[in-house]
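Biologist: I would like to learn how to read the features of a structure. Could we take them one at a time?

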Amino acid sequence: MKLAVWTYEGPPHVGAMRVVTGMRDLHMVLHAPQGDTYADLLFTMIERRNHRPPVSYTTFQARDLGADTAGMFMQSARDAHARFQPQALLVAASCTAELIQDDPGGLAETMGLPVPVIALDLPSYQRKENFGCDEAFLQICRTLARPMARTERVTCNIFGPTALGFRHRDDLAEITGLLSEMGIEVNVAAPMGASPADITRLGAAHFNVLLYPETAESAARWCEKELGQPFTKTIPIGVNATRAFIDEVRALSGSTLPVDDQRLRQPWWAASVDSTYLTGKRVFLFGDGTHVMAAAKVARDEMGFEVCGMGCYNREQARPLRALARDFGLEALITDDYLDVERAIEEAAPEMILGTQMERHIGKRLGIPCAVISAPVHVQDFPARYSPQMGFEGANVLFDTWVHPLVMGLEEHLLTMFREDFEFHDAAGPSHHGGKAHPLPLDQTAAHAAAAEAGSMPAPDALPQAAVPSLDNIVWLGCAERELKKIPFFVRGKARRNTEKFAVEKGLNEISVDTLYEAKAHYAR
C-alpha cells in the first residue's frame with residue numbers, strides 16, 4: 001500500500017462491497033473507522049444508485065482505540081441483523097481496522113445469529129479491490145451452495161457481474177438474451193441481482209458462464225470441483241469472441257438453435273469506405289486484464305488498428321496478458337502506478353488510447369484521444385441507455401465508442417487547420433448560438449505574422465548568440481509553431497520531439513518552418 005493521488009483499485013473491502021451491493025437480502029458489517037464510510041459515494045455518486053450500499057460500519061474513532069472496539073463490532077452486527085433482517089451476513093475489516101486485530105469473523109461466530117455469517121479474510125496490505133470481489137463471492141458460494149439434482153431443461157449460471165462494474169448491467173442483459181436465443185435458461189445470475197437463497201440453487205445448473213474472471217473465477221473453479229459444473233473460458237467481447245463463445249456454449253449444452261445476428265453492424269462498418277482512414281491507427285491499451293486482452297484482439301483483428309502497447313493493473317491477470325502481448329510482439333506493462341502508464345504512452349506515441357478513466361486524463365494531457373474500455377470509470381461511463389460491451393450489440397457499441405474520439409479528433413484537426421477562415425476563427429462564435437462570422441484583420445493572420453518574422457527563416461544577423469544546442473534551450477519560432485499546429489493533434493507531440501531531436505543533431509538553436517519540414521523528410525526516409 002502506498003500514498004497516491006489516484007489509484008486503479010481500492011482496498012479489498014471495496015471489492016467485497018461491490019459484491020454485496022449487487023446482491024439482494026445480504027448485508028455486510030464492516031469494522032472500520034469513521035473515515036472509511038467514503039466508499040458509499042462510489043455507488044451513490046459514480047454509479048448513480050438510488051440507495052445506499054447494504055453496509056453497516058462500526059465507525060470507531062481514535063478515542064475508542066483504548067476501549068472495547070470488539071464490543072462495538074458485536075453491537076453493530078446485532079443492530080444490523082435486527083434492522084435489516086438479511087438472509088445472510090458478511091463480516092470484514094477495512095484496511096485501518098485490520099491493524100487492531102479484533103477478528104470480526106471470530107467475534108461474529110460467537111454471537112449465535114440465526115442467519116449464516118460469512119467471514120472474509122481480506123489482506124488489505126497485500127491485495128486489492130478485484131481480489132476482494134473474487135474472494136467475497138467465493139466465500140458466499142462455499143458457505144451457501146451445495147450439490148443438488150440438475151434442472152430438467154439445460155440451464156446455466158452466469159458469474160461475474162457486480163455493482164460498480166464497467167457495463168456489467170448491460171452485459172448481463174445482452175448475454176442472458178443471447179443464451180435465451182440458444183434455448184438455454186439462466187438458473188442464477190450472480191452476484192448482481194442474486195440473493196443468498198438464489199446462491200443455494202447454484203448446483204441445479206448444468207454449467208456456468210464466466211463473464212469476468214477478475215471477480216468470479218475462483219467461484220467458477222470451486223463450482224467445477226465441488227458441484228461438477230464446467231465453465232466457459234471465452235469472454236464474448238467482439239464479433240469473433242462472441243461467435244467462439246456461442247460455439248463453446250453449444251459444446252457444453254448441446255444446443256443447435258440458430259442465433260440471430262441481423263442487428264450486427266460492426267463488421268461492415270469497420271470495412272466500409274468511410275472507415276478506411278482508421279486502418280493502421282496505432283493504439284495503446286491499459287485497464288483490467290479481461291477487457292484489455294479482449295479489446296486488443298478486437299482492435300487488431302476486427303478494426304484494423306495496430307496495437308503498439310498494452311498492460312493491466314491487476315497482477316492476478318499478469319501471466320495471460322504477458323502471453324498475449326508476446327503474440328503481438330510486445331512487452332506487457334504490469335503496474336498500478338498511473339505515472340508509469342503515462343510514461344509508457346508518451347514513449348509509444350500512439351494515435352489513440354483505449355483505457356480507464358485515468359488514461360482519459362493522460363490522453364487530455366498528451367493531446368491523444370481516448371476511449372474507455374475498463375474500470376475504474378467515472379459517472380459518464382454509467383449511461384442511462386443500453387450500452388453493453390459483450391455480444392453482438394456490444395460489438396456495435398465498441399465500434400461507435402472507439403471511432404468517435406478519432407472522428408471528433410479529425411474534426412478538431414480540420415478546425416485547427418482552418419482557424420483563420422472567416423467562419424471558424426475564435427471571434428466568429430459558435431454557429432449554433434447564432435454567432436456571426438467576420439473576417440480577421442489582415443495584421444492578425446498567420447501570413448502577416450510570418451512576413452514580419454522574415455518568412456520561415458529570420459535573417460542571420462537577427463539570430464542571437466546561443467549556447468550549444470540541447471533539448472532544454474531549443475526555441476521554436478512563431479511561424480514554426482503555427483505550422484506545427486497544422487499537423488494532426490494525435491501525432492503532433494511525436495512531430496515536435498522528432499524535430500527538436502533533429503535540430504540538436506544539426507546544431508540548430510532555433511526551429512523554423514524549414515527545419516520542421518527537413519526533420520519530417522529525415523525521419524520519413
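Biologist: Which strands does α12 lie across?

Modeller: Helices (H or I, at least four residues) and strands (E, at least two) are DSSP runs, numbered from the N terminus. Contact means heavy atoms within 4.5 Å. Axes are lines fitted to C-alpha atoms, for helices over the stretch in contact, and angles run from 0 to 180 degrees between N-to-C directions. Here α12 lies across β9 and β10, and its direction is at about 165° to β9. Helix α14 (residues 357–366) lies across β8, β11 and β12, at about 170° to β12.

Biologist: What should I know about the model and its numbering before we go on?

Modeller: Residues are numbered from 1 along each chain as its sequence is written, and side-chain values use heavy atoms, leaving out hydrogens and water. The model is predicted: local features need pLDDT of at least 70, side-chain atom pairs count only at pLDDT 80 or more, and totals for chains, interfaces and linings use all residues.

Biologist: In what order do the 5 strands of the open sheet stand?

Modeller: Strands of a sheet pair through backbone hydrogen bonds, either parallel or antiparallel. Two strands count as paired if DSSP finds at least two bridges between them. The order here is β10-β9-β8-β11-β12, with parallel pairing. F284 stands opposite I353 in β11.

Biologist: What is the order of the open sheet of 4 strands?

Modeller: That order is β2-β1-β3-β4, and the pairing is parallel. The edge strands, each pairing on one side only, are β2 (55–57) and β4 (117–119). From one strand to the next the twist averages 25°. Strands β1 (residues 26–31) and β3 (residues 88–93) run parallel, with 6 bridges between them. H27 has L89 in β3 as its bridge partner.

Biologist: Where does helix α1 lie, and where does helix α5 lie?

Modeller: Helix α1 (residues 12–22) lies across β1, β2 and β3, at about 160° to β1. Helix α5 (residues 129–144) lies across β1, β3 and β4, at about 140° to β4.

Biologist: Is H13 buried or exposed?

Modeller: Buried means under 20% relative accessible area, exposed over 50%, and partly exposed in between (1.4 Å probe, protein chains only). H13 belongs to helix α1. Its relative accessible area is 1%, so H13 is buried. Setting aside neighbours within four places in sequence, H13 is in contact with M28, L30, A93, S94, C95 and L122.

Biologist: How many aromatic pairs does the structure hold?

Modeller: Rings of Phe, Tyr and Trp (its six-membered ring) pair if their centres lie within 6.5 Å; planes under 30 degrees apart are stacked, over 60 edge-to-face, and the rest tilted. There are 5 such pairs. The ring centres of Y8 and Y313 are 5.1 Å apart and their planes are at 10°, so this pair is stacked. Y8 is in the segment before α1 and Y313 in the loop between β9 (306–312) and α12 (318–327), 305 residues apart, so the pair links distant parts of the chain. Both Y8 and Y313 are buried.

Biologist: Why is the pair of F137 and F159 edge-to-face?

Modeller: Their ring centres are 5.3 Å apart and their planes are at 85°, so the pair is edge-to-face. Because F137 lies in helix α5 and F159 in strand β5 (residues 155–159), the pair ties together parts that are 22 residues apart in sequence. F137 is buried at a relative accessible area of 0%, and F159 counts as buried at 0% too.

Biologist: Which residues do ring pairs link into a cluster?

Modeller: The cluster consists of Y8, F286 and Y313.

Biologist: What is the bridge partner of F159 in β6?

Modeller: The partner of F159 is A190. Strand β6 (residues 185–190) runs parallel to β5, and 5 bridges join them. A crossover is right-handed if, with the strands pointing away from the viewer, the path from the first strand over the helix to the second runs clockwise. β5, helix α6 (residues 168–181) and β6 form a right-handed β-α-β unit.

Biologist: How many helices and strands has the protein chain?

Modeller: The protein chain has 19 helices and 14 strands. Of its 525 residues, 53% are buried.
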